[in-house]
Amino acid sequence: MTKSEKAAAIVAALEEQYPEAVCSLNYAEPYRLLIAVRLAAQCTDERVNKTTPILFARYATLSELAKADAEEVAQIVRPCGLGNTKARDIVAMCGELIGRFEGRVPDTMGELLSLTGVGRKTANLILGDVYGKPAVVCDTHCIRITNLMGLASSKNPDAVERSLREVLPMDKANDFCHRLVLHGRAVCRARSPACRECRAVSLCDYGRKRDAGVTPK
Ligand code: SF4
């Protein structure tokens, strides 16, 4: 089996295990997803989903947020951690969306990366979820699990993204990344993966070693 065939089989196994592939951040408009992802750095999606309704109740539009006092925004987003930095980034980014993109969230990697506080993970999420473009969102679940599976061999998100782009069926890559998040929470947990509950066990390097009685490194 080639690595691409293995990747396609793993994608299919997780499709079976998690029929619904959804982003776990709640959002009603593209710019709000950008903000939610910025808040999600070093924070749980659950916490972000509790914070964003408060933020958007106080600042109902993009232009209100672009003109907001960053210190006031920080008070609202503080529960997500790094409140001052995230608030500054959010206000700056909203200003850039209005000033450079006529209030629209751009749909190219280069333009997204030009926004304050936006890295490849965020840009990929926007491209995949908002615009339906091929995307590989390399978060901690994706990096950890694809290393266990043998689809990647690096902890560096850019390197993992490159490896996955070489082997994944790109029309399914974005949903696959969402499924990895579900898998990382429900079955392939960081402390003790429940390999017996995993539909991809026969395809996963770590799972196969466990099945064979070898203690995986
Ligand atoms: S077999 Fe085990 S280690 Fe591999 S993806 Fe499944 S749960 Fe994770």
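Anything in between is partly exposed. One caution too: this is a predicted model.

Now helix H10. On one side, Asp-158 and Glu-166 are exposed. The buried residues of H10 are Pro-157, Val-160, Glu-161, Ser-163, Leu-164 and Val-167. They sit on the same side of H10, because they cover an arc of only 165° around the axis. An α-helix has 3.6 residues a turn, so residues three or four places apart point the same way.

What do the buried residues of H10 pack against? Four helices: H1, which spans 3–17, plus H8, H9 and H11.

Take H8 next. This helix covers residues 120–130 and is mostly covered, with nine of its eleven residues buried. The buried set runs through Lys-121, Thr-122, Ala-123, Asn-124, Leu-125, Ile-126, Leu-127, Gly-128 and Asp-129. Note that Lys-121 and Asp-129 are in that buried set. Against what do they pack? The partners of the buried H8 residues are helix H2 (30–40), helix H7 (109–113), H10 (157–167) and helix H11 (173–186). Just after H8 comes Gly-132, with a positive phi of about 65°.

Step back to the domains. The chain is divided in two. Domain 1 is 3–21 + 137–211, and domain 2 is 30–130. Their centres, taken over C-alpha atoms, are 28 Å apart. Seven residues from domain 1 and six residues from domain 2 make the contact. On the domain 1 side, H10 gives the most, with three residues. By class, that side has three nonpolar, one polar and three charged residues.

On to the ligand. How many residues surround the ligand? There are 14, and the closest are Cys-188, Cys-195, Cys-198, Cys-204 and Gly-207. The shell is 13 nonpolar, one polar and no charged. Two helices, H9 (140–149) and H12 (205–211), each supply at least two residues of that shell. H9 gives the most, with three residues.

Is Leu-148 buried or partly exposed? Leu-148 has 19 C-beta neighbours inside 10 Å, and therefore counts as partly exposed. The buried cut-off is 20 or more. Beyond its neighbours within four places in sequence, Leu-148 is in contact with Pro-193, Cys-204, Asp-205 and Tyr-206. Cys-204 is also among the residues closest to the ligand. Gly-207 is on that list too. From Leu-148 to Gly-207 is 59 residues in sequence, but 8.0 Å in space, C-alpha to C-alpha.

Last, two backbone points to check. Leu-82 has phi near 50°, a positive value in a residue other than glycine. Leu-82 is in the loop between helix H5 (70–77) and helix H6 (83–101). With 17 C-beta neighbours inside 10 Å, Leu-82 counts as partly exposed.

Glu-102 also has phi near 50°, again positive and again not a glycine. Its loop is the one between H6 and H7. Where does Glu-102 fall, buried or exposed? Exposed, because Glu-102 has 7 C-beta neighbours inside 10 Å.

Notes:
Residues are numbered from 1 along each chain as its sequence is written. This is a predicted model: local features need pLDDT of at least 70, side-chain atom pairs count only at pLDDT 80 or more; totals for chains, interfaces and linings use all residues. A residue is buried if 20 or more other C-beta atoms lie within 10 Å of its own, exposed if 12 or fewer, and partly exposed in between; C-beta atoms are placed from the backbone. Two residues are in contact if their C-beta atoms, placed from the backbone, lie within 7 Å. A residue is near a molecule or strand if its C-beta atom, placed from the backbone, lies within 6 Å of it. Ala, Val, Leu, Ile, Met, Phe, Trp, Tyr, Cys and Pro count as nonpolar, Asp, Glu, Lys and Arg as charged, and the others, Gly among them, as polar. Domain bounds come from an automatic or database domain assignment. The arc is that of the directions from the helix axis to the C-beta atoms.
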